[in-house]
Amino acid sequence: MRFPLAPTAKIARHIVTNKLKGNRKFAMVLQLEPLHTCNLTCTGCGRIREYSTSLKDLVPLEQCLAAAAECEAPMISICGGEPLIYPKIEELVAGLHDQGRMVYICTNGVFMRKKMREYMAANYSPAIEKNLLQLVAEGLVTEKEAETIRKSDPAARQKVVIKPSKWHYWNVHVDGLEFTHDLIVEREGVFKECVLAIQMAKILGYQVATNTTVYRETDAAELEEMFKFLSSLGVDGHTISPGYDYDAAKKDMVKRLGKDPTDFFLTRQLTREKFKNIERWGEMFTIFGTPGYLEFLAGKRELACSAWAVPTYNVRGWKAPCYVMTETHYPTYQEMLAKVNWDKFGVDAKGCGRDARCENCMMHSGFEPTAALSSSPRDSWINFKYNFGSRPAPYPSSPELTKTAYNGATIGKGHLAEAKAAVNREFSGAKSAYARGGNDLPHDAGAGQGHDHSHDHGGSGGGCSTGPANDQLADLKAKIAAAKKIEVKTD
Ligand code: SF4
């Protein structure tokens, strides 16, 4: 099986119960953001910008647990911000487990080893000592850290910790091999730390998943190498979703990096090109998700958006209408369900955005539940076959694969000096942090020389109405032009 039996059975029961009750809209996964503080400033992350005025705010523990109880989602994805910074993260995970929920901690991986050392200190025993010896031998724990674990004081022994469980996954953010990942998270060494944390987690018996966002510049061949490498580490499953140019992320692209977002995020057409191998990857690797969503990503079918099934709760309440777009926040999930005009959002039968902001969205959080909740006999059968079929074998590890993975900071190919230069020389046409292969001109530098981005922007594709999208695009280009003092074509 791709996914453990007990949680699968729980999710199936949740769907059947709601359908029998005649509930047309209900929560499947709660995206719980107990804080928006983060130790990184990843390119493409709108959260730390959209909620910049409430970065220090926390959702109290009781309120987090009440939100999960109210929406009754069987799966909780604790995200943020960086959830391991949340002071009561251990109590939150324990409380959600007490409610019988499956928990994913979506983390950048930087604090994972610390949390696992705390688990070992609280549960130090001969069995843990055996693990500890292996961890020290493999360089995943230092001798000094091992001694601290062995000599844990009563406070460390009584601490609530995150234990290995079939009801819990570390869900580690990995967006590519070392060079690309460190570039996207804007810090060298993060990829390596993620790998060490994954290795340590597997030795200690944790379940580990990875989540990957695919951007316009993501190389599909590199993604395949990344999945091979992660699979060779014993990662239990992967989620993958296209990057989406939601407003906050767009603004960050322009303001901080001087990038044109149309050069970075995916249009619908480009998403389908990037994901054309996704079904093959689904056979090679343990890709989490429904085959219907994978078909959608590969361009083989259309799906409606079911954003109500993956609600987001954060410091301001229930974020509507969806994880990526914000119109308002509601005090309760039920109020959000009742008050949002869901027909205004998502896409129509032709795949055109009902709202201009939905036009290029193929996000996991909007479309995956549609495929999972489909009651068509074909979808039910392919879902069953995919989940209950045999799990792909781990990819064999090899020195060549490791060498392929560590293609950045580890081999001295730093990139942050270049990225910082681009940031410091904001809008000045500095060499793009994303330029590759000796091409030192940022993509948008060509805009003043007649390159028309509207040809490759989704707003003009597929015969959809383009008015509002083009308005946004024109607005954005005008801002870039004003900032860079160059002429940008807006047609
Ligand atoms: S299509 Fe995407 S942006 Fe639009 S409501 Fe659904 S999830 Fe949100």
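**Helix pairs and ligand shell**

Author: In this predicted model, the axes of helix 9 (residues 178–185) and helix 10 (residues 190–204) come within 8 Å and cross at roughly 110 degrees.

Reader: Why is helix 9 called roughly perpendicular to helix 10?

Author: Angles of 65 to 115 degrees count as roughly perpendicular. The crossing is at roughly 110 degrees, so helix 9 is roughly perpendicular to helix 10.

Reader: Which residues of helix 9 and helix 10 meet?

Author: Glu178, His181, Asp182 and Val185 of helix 9 meet Val190, Phe191 and Lys192 of helix 10. This contact has 3 nonpolar, 1 polar and 3 charged residues.

Reader: What makes helix 3 and helix 4 roughly parallel?

Author: Helix 3 (residues 61–71) packs with helix 4 (residues 89–98) at about 30 degrees, the axes being 10 Å apart. Angles under 35 degrees count as roughly parallel, and therefore helix 3 and helix 4 are given that label. Their crossing is right-handed.

Reader: Which residues make the contact of helix 3 with helix 4?

Author: Helix 3 contributes Leu61, Cys64, Leu65 and Ala68, and helix 4 contributes Glu91, Leu92, Gly95 and Leu96. By class, the contact of helix 3 with helix 4 has 6 nonpolar, 1 polar and 1 charged. Gly95 falls under polar, where Gly is counted.

Reader: Which residues come nearest to the ligand?

Author: Of the 14 residues around the ligand, these are Cys305, Cys322, Cys358, Cys361 and Gly366. The shell divides into 10 nonpolar, 3 polar and 1 charged. Cys counts as nonpolar.

Technical notes: Residues are numbered from 1 along each chain as its sequence is written. This is a predicted model: local features need pLDDT of at least 70, side-chain atom pairs count only at pLDDT 80 or more; totals for chains, interfaces and linings use all residues. A residue is near a molecule or strand if its C-beta atom, placed from the backbone, lies within 6 Å of it. Axes are lines fitted to C-alpha atoms, for helices over the stretch in contact, and angles run from 0 to 180 degrees between N-to-C directions. Helices (H or I, at least four residues) and strands (E, at least two) are DSSP runs, numbered from the N terminus. Angles under 35 degrees count as roughly parallel, over 145 as roughly antiparallel, 65 to 115 as roughly perpendicular and the rest as oblique. Two residues are in contact if their C-beta atoms, placed from the backbone, lie within 7 Å. A crossing is left-handed if the near helix is turned anticlockwise from the far one by less than a right angle, and right-handed if clockwise.
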